Amino acid sequence: MASTHAASVLVASNRGPVSYALDESGGLTAKRGGGGLVSGLSAIGPDTDAVWVCSALGAGDREAVRRTGGALDTADTGGRRVRMLDIDPQVHADAYNGIANSVLWFVHHMLYQTPLEPAFGAEFRRQWAAYEAYNRAFAEALAQEAGEGAAVLIQDYHLTLAPRMLRGLRPDLRIGHFSHTPWAPPEYFRLLPDDIAAQVLGGILGADRAAFLTQRWADAFTECCHTVLGPGIPSGTRIGVHGLGADADFLRQRAHRPDVDERMAALRKQIGSAPDGSPRRTIVRVDRTELSKNIVRGLLAYQELLESRPEWRERVVHIAFAYPSRQDLAVYRDYTAEVQRVATEINSRYGTPDWTPVELHVKDDFARSLAAYRLADVALVNPIRDGMNLVAKEVPVVSDEGCALVLSREAGAFEELSEDAVAVNPYDIGGMAAALHEALSMGAGERAERTKRLAAQATALPPARWFLDQLAALEK
């Protein structure tokens, strides 16, 4: 397939660097996103001919594609060339919600209640055909945009089939695939039908290089290849590891803007003072209401702390930011409701007229999250499984006085941060309560020293370097 442009570096991901909202008058408003990919593309410089291929995600995006032919106005994208694909909405829904978020995500995070699920029948096969069509649309667009011998970085579990498809269309390209999630061990990965498991692995193995956030996830992928496809890695695909770090410069600058200071003042007022007049201690969590984040067990551990260690009553507040995620899926709506129910129950059981044990916020507010990071005495990060978990890295970077990190051993970040974190088994409520007590009891000096070391480790591979390292490895 001949190229229509000559991009030398291409990125492909479900979500792009910009999204559009359509108002009642038919006007479009562009909103730019952030994250590691945006920083990475910025780092390669304006002289590099780069393009980002992504999918339209809503009515505003689809209207923008209709008006521009998919080549978005660079004024909306910060000067980056972006090609947005208007994939049929039903195909996108089946691929994104039906397969990516309800099957592949569940497998890699080991979330299934296996007595009842999964049950891969005719509906699954119909949705899988949509997932194939979705991946094919990306592969064809990349083939059209790429110059001879270009480097292509394909992102995540939404696009596991695209590397193999693109290889068939453009064998001249250097193709990388990066997984932002954990990778399931073979015995769990093989919940997938045998042909589908082989197709997912074979799709990624169409790349010259497959990369992961930690060695643990890379090893799991290799073990799945050996188990499902046979010994050795077929096709000569190289395996790499790139642990994404926090963007220290951005976070520290953003965390000291006036809107963050305003939210800090509001949070301090909510937290209040202990009966003896001393400042109350704070346990902070910031998460989406994603099933893997383990928010409910975190709340139950806090409840166990108040029950087993009554000396902390009225002396500590749990600031819990649980921002709704994937609310178009019933299981996520139910989980969000359970988070709210448990928080309300704790406040009802232990609260007093002058003390609200849990300050739960469900509306996304980045400035307020940064304010909580700065105020935190303890950060609770207890996922069931997580590819990395940037919250665990961000809190130490912006903490004002030093923060004790209570960290699940199942977070990818644990591989880097374990020495200075308080480790927890994410299923052990009593163990997490004991860890919260240990963290709250930690002296200010030790907290500050641990926080310095955590921040240094957390920023060792900032997003721009993370991206450029992948690009350099692919070009070798």
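The model is predicted, so local features need pLDDT of at least 70 and side-chain atom pairs count only at pLDDT 80 or more, while totals for chains, interfaces and linings use all residues. Residues are numbered from 1 along each chain as its sequence is written, and side-chain values use heavy atoms, with hydrogens and water left out.

**Salt bridges**

Take a salt bridge as a side-chain nitrogen of Lys or Arg within 4 Å of a carboxyl oxygen of Asp or Glu. How many salt bridges does that rule give? The count comes to 30. Here are some of them, by pair:

| Pair | N to O distance |
|---|---|
| Glu123 and Arg126 | 2.7 Å |
| Asp208 and Arg167 | 2.7 Å |
| Arg465 and Asp469 | 3.1 Å |

Helices (H or I, at least four residues) and strands (E, at least two) are DSSP runs, numbered from the N terminus. Glu123 and Arg126 sit three residues apart in helix H4 (residues 122-145), so about one helical turn separates them. For accessibility, buried means under 20% relative accessible area, exposed over 50%, and partly exposed in between (1.4 Å probe, protein chains only). Glu123, at 44%, is partly exposed, and Arg126 is partly exposed too, at 39%.

The Asp208 and Arg167 side chains also meet in a salt bridge. This pair ties together distant parts of the chain, 41 residues apart: Asp208 is in the loop between helix H7 (194-204) and strand S8 (209-212), and Arg167 is in helix H5 (residues 162-169). Asp208 comes out as partly exposed at 27% relative accessibility.

Elsewhere, salt bridges with shared partners join Asp49, Arg81, Arg83 and Glu145 into one network.

**A helix crossing**

Axes here are lines fitted to C-alpha atoms, for helices over the stretch in contact, with angles running from 0 to 180 degrees between N-to-C directions. The axes of H11 (residues 295-308) and H16 (residues 429-441) come within 8 Å and cross at roughly 65°. That makes H11 roughly perpendicular to H16, a label that covers 65 to 115 degrees (under 35 is roughly parallel, over 145 roughly antiparallel, the rest oblique).

Which residues make the contact (heavy atoms within 4.5 Å)? From H11 they are Arg297, Leu300, Ala301, Tyr302, Glu304 and Leu305, and from H16 they are Ile429, Met432, Ala433, Leu436, His437 and Leu440.

Most residues other than glycine have a negative phi, and most peptide bonds are trans. Met110 has a positive phi, near 55°. Its place is in the loop between helix H3 (89-108) and H4, and Met110 is partly exposed at 30% relative accessible area. Leaving out residues up to four places away in sequence, Met110 touches Pro185, Tyr188 and Arg385.

The loop between H3 and H4 also holds Pro118, and the peptide bond from Glu117 to Pro118 is cis, with omega near 0°.

Is Asn389 buried or exposed? At 7% relative accessibility, Asn389 is buried. Asn389 has a positive phi near 95° and lies in the loop between strand S13 (378-381) and helix H14 (391-398).

Technical notes. Contact = heavy atoms within 4.5 Å.
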